[in-house]
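User: I would like to learn how to read a model of this kind step by step, beginning with the fold of a chain and ending with the contact between chains. Could you take me through it?

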Amino acid sequence: MDDIELSLAIPRCSWRELLLLVVRRRRVCRVDGSSMHPALSDGDRVLYEPTSACVVGDVVLAQHPFVSGLKLIKRVEALDAEGRVTLRGDAGLASTDSRGFGSVASEAILGRLTSRL
Amino acid sequence: MRSVFGKVVGSLVGEEVASAHCDGPCGVYDPASARIAAEASLSMTKKMLALEMPSSGDGHAMAAYMNSMARYIAIKEEQTHLAKAELLVLWTDYFKPHHLEAYPNLHDTFWKAGKLCSAVKVEVSLQHAQELMDAIKEIHEIFWATKGRDVPWTTSS
């Protein structure tokens, strides 16, 4: 159980991460809401790498498929052969995610979370 | 300390906000809806206890008395059930595991409030109707503390 929780945790920000932030290879994002509990809490600030590349298990920043301008933070649950991404909140019983709005196109993935500030 | 560092870094480089919410109405929960319903139950209980039965020979007065009493009973039943439903929604939809960590008595508080709703429906008890209000006040205080806001407890009557 501990091992599972450890693998889901977002690592703390390292000097390398801060350096990447300085050279604009990372961006800062604030988490609003609790659907990623326990990995992330409401108000946490995270660094993300702007990219649409992701693998199952990554926590990503994604554009909501039906609400323009609304960005989401969710975990990648599955990737299908057509490149569609299934997103899910860690707080499974309290998350609006692909169970509601379906899978999203890979272009909707705006970044991959790399660390927590 | 960590959050201060994050705040400083965020303001220096500019930060975006991303939603990690549970659902659309996430931000509009409020124990006030349960309080209003429970307050109506308390009011109906008071009215039932205050109603004086007319003399047995007066048919009109007896009909009016029965009508009033029946209406108070119906409203008490309906509003107490509504209070129970509102509490259940708040308990199961708004409150999250991390709230329980901060308020270990949360489940017990809601469970007792739910039991009091049942008692208020079954009985004509001023004491239990008032205890239900007290339990909702306790929930009101926990709820607003989780939102970091100081919202005073107010009642309609």
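Analyst: Let us begin with the order of elements: read along its sequence, chain A of this predicted model follows the pattern α-α-β-β-β-β-β-α-β, so that chain A has three helices and six strands.

User: How much of chain A is made up of buried residues?

Analyst: Burial is judged by counting neighbours, a residue being buried if 20 or more other C-beta atoms lie within 10 Å of its own. Of the 117 residues in chain A, buried residues make up 38%. Sequence separation gives another view, in that 52% of the contacts in chain A with a separation of 6 or more are accounted for by residues 24 or more positions apart.

User: Which residues have the most contacts inside the largest nonpolar core?

Analyst: That core has 28 residues, and those with the most contacts inside it are A:Met36, A:Val46, A:Val60, A:Leu61 and A:Ile73. At least two residues of this core come from each of β1, β2 (45–49), β3 (59–63), β4, β5 (85–88) and β6 (109–116) of chain A, while β3(A) gives the most, with four residues. To follow one member, A:Val60 touches A:Cys54, A:Lys74, A:Val76, A:Ile109, A:Gly111, A:Arg112 and A:Leu113, when residues up to four places away in sequence are not counted.

User: How many residues does each chain bring to the contact between chain A and chain B?

Analyst: The contact takes 27 residues from chain A and 19 residues from chain B. On the side of chain A that touches chain B, the elements that give two or more residues are β1 (27–32) and β4 (71–79) of chain A, and β1(A) gives the most, with six residues. The residues of that side divide into 13 nonpolar, nine polar and five charged.

User: In which sense do β1(A) and strand β1 of chain B pair?

Analyst: For strand pairing one looks at the bridges and at their sense. Here β1(A) and strand β1 (residues 15–19) of chain B pair in the parallel sense over five bridges, and the bridge partner of A:Val28 in β1(B) is B:Glu15.

User: Why is B:Lys47 classed as partly exposed?

Analyst: The class lies between two limits, since a residue with 12 or fewer such neighbours is exposed and one with 20 or more is buried. B:Lys47 has 15 other C-beta atoms within 10 Å and is therefore partly exposed. B:Lys47 lies in helix α2 (residues 32–50) of chain B, and its C-alpha atom is separated by 9.7 Å from that of B:Ile73, 26 residues apart along the chain.

Notes. Residues numbered from 1 in each chain as written. Chains lettered and ligands numbered in written order. Predicted model: local features only at pLDDT ≥ 70, side-chain atom pairs only at ≥ 80, totals over all residues. Contact = placed C-beta atoms within 7 Å. Nonpolar A, V, L, I, M, F, W, Y, C, P; charged D, E, K, R; others polar. Pairing = 2+ DSSP bridges. Core = buried A, V, L, I, M, F, W, Y, C linked by C-beta atoms within 7 Å.
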